[in-house]
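Please read the points below alongside the structure.

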Amino acid sequence: MTDYSKCEITRYPTPVLREKAQPIEEINDEIRVLAERMKEIMVEQKGVGLAGPQAGVNLRIFVISTDGTAENAIVYINPVIKTSGKMIANEEGCLSLPGIYGNVNRYSHCSVTATDLDGNEFSQDADGLLARALQHEFDHLEGMMIKDRLGYAAKLRAKRKLKQLEAEYGD
Ligand code: NI
């Protein structure tokens with residue numbers, strides 16, 4: 001058994017944030033503990049979403065709560081998303097990249113199919129903030145972060161901050 005109750009937030013350049021996360025094979029108490037801990041971290045850090053790699057765990061799971069509360073948090077296990085609509089630029093931040101903000105292009109709509117903590121498959125159609133959050137968190141499962149999606153000017157602005165994070169969280 002892995003005890004996920006002690007997980008902490010990971011920040012750039014922690015290597016797990018760069019890896020492709022692995023599918024969850026079995027939804028058991030271990031995974032339920034992980035989901036609870038991820039909700040706690042998200043609320044503590046005042047975010048609206050958190051992906052497995054951001055808790056230091058290389059598994060395909062994320063939680064999203066568009067109002068930032070644990071009560072309204074939805075857990076997505078092994079999610080598959082399908083994007084649609086037009087591209088919209090809006091400002092995003094990321095708990096693993098503190099101090100870095102910038103416009104990121106995302107599709108206006110997406111549908112997601114995932115498994116919940118009881119092992120049941122569910123689907124959602126999303127627009128607005130939820131659609132954006134789903135695409136942001138899904139990126140984390142692919143080892144991708146907003147710093148990779150910023151435009152040229154925002155990338156330049158982020159450069160110094162990234163260096164600081166490398167000094168603080170690198171080895
Ligand atoms: Ni993020």
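1. Lys46 is exposed, at a relative accessible area of 74%; exposed means over 50%, buried under 20% and partly exposed in between, with a 1.4 Å probe and protein chains only. Lys46 lies in the loop between H1 and strand S1 (49–51). Helices (H or I, at least four residues) and strands (E, at least two) are DSSP runs, numbered from the N terminus. Lys46 is not a glycine, yet its phi is positive, about 60°.

2. The model is predicted: local features need pLDDT of at least 70 and side-chain atom pairs count only at pLDDT 80 or more, while totals for chains, interfaces and linings use all residues. Residues are numbered from 1 along each chain as its sequence is written, and side-chain values use heavy atoms, with hydrogens and water left out.

3. Asn78 also has a positive phi, about 45°, although it is not a glycine. Asn78 sits in strand S3 and counts as partly exposed, at 26% relative accessibility. Most residues other than glycine have a negative phi, and most peptide bonds are trans. The bond joining Tyr12 and Pro13 is a cis peptide bond, with omega about 5°; Pro13 belongs to the segment before H1.

4. Which residues coordinate the nickel ion? They are Cys94 through SG, and His136 and His140 through NE2, at 2.1 to 2.2 Å. Donors are N, O and S atoms within 2.8 Å of the metal (3.2 Å for Na, K and Ca); water is not among the atoms, so sites may look incomplete. The spacing of the donor residues in sequence is C-x41-H-x3-H. Distant parts of the chain are linked here: Cys94 is in the loop between strand S3 (74–92) and strand S4 (102–115), and His136, 42 residues away, is in helix H2 (residues 128–141).

5. His140 is in helix H2. Leaving aside neighbours within four places in sequence, His140 is in contact (heavy atoms within 4.5 Å) with residues including Leu17, Glu19, Cys94 and Met145. The C-alpha atoms of His140 and Glu19 are 8.6 Å apart, although 121 residues separate the two in sequence.

6. Arg32 is placed in helix H1 (residues 29–44) and is partly exposed, with a relative accessible area of 32%. Beyond its neighbours within four places in sequence, Arg32 is in contact with Ile27 and Leu117. From the C-alpha atom of Arg32 to that of Gly93, 61 residues apart along the chain, the separation is 27 Å.

7. The protein chain has three helices and five strands, in the order α-β-β-β-β-β-α-α from the N terminus on. Its radius of gyration is 15 Å, close to the 16 Å that the globule rule gives for 171 residues, so the protein chain is as compact as a globular protein of that length. The radius is taken over C-alpha atoms, and the rule is 2.2 Å times the number of residues to the power 0.38.

8. Of the 171 residues of the protein chain, 47% count as buried. Among contacts between residues at least 6 apart in sequence, 67% join residues at least 24 apart. The C-alpha atoms fill a box of roughly 45 × 40 × 25 Å along the principal axes.
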